[in-house]
Amino acid sequence: MASATDKESTTDPFTGAARAFAESMSVWMAGMSPAAAAWAEEAKRHAERMAAVPRIVEAARRAKKWATPHDVIMTEGPVRLLRFRGEGPVRHATPLLFVFALVNRPYVLDLLPHKSVVRRFLEAGFDVWMIDWGVPEPGDSVKTLHDYINGHMHRMVNRVLDRTGQPQLSILGYCMGGTMSAMYASQHQALVRNLIMLAAPVDWSCGDCLLKVWTDPQVFDVDQVVAAFGNVPPAYLGGSFNLLKPIDNNIRKWMGFYDRMDDDRFVEEFIAMETWVNDNIPISGAVYRDFVRYGMQRNELVRGRFPLGDRYVDLGAITCPVLTLVADSDHLVPAEQSTPLEKVVGSTDTTTLSTKAGHIGLAVGSRAHKELWPQACAWLAHRSQPAESL
Amino acid sequence: MSQQANPMDAAMAFWKEAFTRFGSAAQAAGAAAASATSGGAGPSSTPGAAPGGTTPLDPAAWMPTPEMVRRMQSAFLDAMAAASEQYMRSPQFLDAMKASLDGALRMRQEMDALLRRQVGEAMSGSSAAAAGGSGAAGIPDPGVVRELREMEARLQARLDEIDARLSTIEETAAPSTPGAKRTTSGGGSGRGSARGRNRRES
């Protein structure tokens, strides 16, 4: 009781007034009809939400971009190789490298301690690394997928192997990063022990999504966009993603926020998510052109006709175990665009896991963290080199 | 989803859809409210109402609850989301998107051209000096000349590298597949345009 009084005495006037209003509403509601009482309850909730505003501002000030401490092991221009510091012992010698898409920041995989895919793998005893592609500079607009995959990525894979003394690593690629990881594995199979594809498109002929409609060559000239912009600007990409679900992204989201703005945990998650959603980066024009043209418009990857450097990507050359993770409500990469991978790879060990989530929900959704990631960790643990055998 | 060719048809389809959802939501919320109250005749009942029903003329008896409003609001947003998804797949939207993108890109290119012209004019003194002509001081600047030569060499080397890579791709592709198909669908045109763009940049 004493502590409650102390707490009240330190409350600022705004919060105190809002609480007093809410309490008076409770007294007033006692003799009302059910409908009137329901509206009065609603008014009380409004007051409670208003009382939460100072806490929201404070939470926004505290917002951070990474939840887990890490070291920068290597840099190449804007590209960085990160190694995460876990609290427990490493139980699997095979390192795990996260490869994110080039269109957003990778810290969505490490957003908050309880919503961090990185932490789930650290807790499961993995040595976790990540490539942060950084923000491309204007001169990077001519950098191709070949430069990223067989250049930066290959050098960073070698650095991981050098530092850990392991002959192979596991790769987890998210979205476009997954597609890039599959391309890498197809050309450097000897270095890849396991491949995890998280909502990664490989067959753009399947599924029904707006991006497919909008990038139809009849209405979208990718050369024109790249010629005008060089690097494709973040506002253009972010605007397109926002427009995929205009009502959800611009109305429902804020209504949902208002509804739960007095729930501190929800607010913390909402702010972290908003910070990430609005932290867009440009993408190299040459990469964008190759990805749109050979992937989304011509669907060359599953046909073995996607050019990468001097060769075509042959997904059949992937012989390591492959885990495909998909979301059943993914509006960016429908599950049907990811699952054909198991039919085209040369591997005999393929697994697909699906969860009830959206594209980003795979990384930050409560259900994914409760159901999907423990299964993925177990799958990988079973196929990694145990640390004891070193 | 079907695509509405006429904007009026699309608007009417949205209107009907919205009202159908709106009505269903109101009915469901009303039924839920009625079963939750003792009267069971409407969305809410007043404390003074007779057992088993409410006074039909009492406005409080028909006052919508916040839950009912929320459900109707949600139904309306569902209808809007469905209509917007349908619209964004329609030829009208795709044409508008293409026109707007063309306009934005044209403006961007014009701005770039303007800026290039202005920068070119601003630097004309230096260019003249670099060429050994009539610079402001009338003296050629060896530093500028050297930098230009180096830049030219770097660009030339990059172009040569791209040309070599393209040739390798074409050679690799030719024996495995019919050449004509490779040229039209395998990305030959894309590489060609990339080469053209690089040359423009140089």
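**Exercise 1. In which helix of chain A does M50(A) lie?**

Let's start by finding our way around this predicted model.

Step 1. Look along chain A for M50(A): this residue belongs to helix α3, which covers residues 34-51.

**Exercise 2. Classify the aromatic pair of F100(A) and Y174(A), and work out what the pair ties together.**

Step 1. A pair of aromatic rings is described by the distance of the centres and the angle of the planes.

Step 2. For F100(A) and Y174(A), the centres are 5.4 Å apart and the planes make an angle of 70°. Angles over 60 degrees count as edge-to-face, and so this pair is edge-to-face.

Step 3. F100(A) lies in the loop between β3 (96-99) and α5 (117-123), while Y174(A) is in strand β5 (residues 169-174), so the pair ties together parts that are 74 residues apart in sequence.

Step 4. Are they buried or exposed? F100(A) is buried at 4% relative accessible area, and Y174(A) is buried at 1%.

**Exercise 3. Find which charged residues lie over the rings of Y148(A) and Y294(A).**

Step 1. Take Y148(A): the charged end of K143(A) sits over its ring, 5.1 Å from the centre.

Step 2. Turn to Y294(A): R293(A) lies over its face, at 5.9 Å from the ring centre.

Note on methods
Residues are numbered from 1 along each chain as its sequence is written. Chains are lettered from A and ligands numbered from 1 in the order in which they are written. This is a predicted model: local features need pLDDT of at least 70, side-chain atom pairs count only at pLDDT 80 or more; totals for chains, interfaces and linings use all residues. Side-chain values use heavy atoms; hydrogens and water are left out. Rings of Phe, Tyr and Trp (its six-membered ring) pair if their centres lie within 6.5 Å; planes under 30 degrees apart count as stacked, over 60 as edge-to-face and the rest as tilted. Helices (H or I, at least four residues) and strands (E, at least two) are DSSP runs, numbered from the N terminus. Buried means under 20% relative accessible area, exposed over 50%, partly exposed in between (1.4 Å probe, protein chains only). A charge sits over a ring if NZ of Lys or CZ of Arg is within 6 Å of the ring centre and within 35 degrees of the ring normal.
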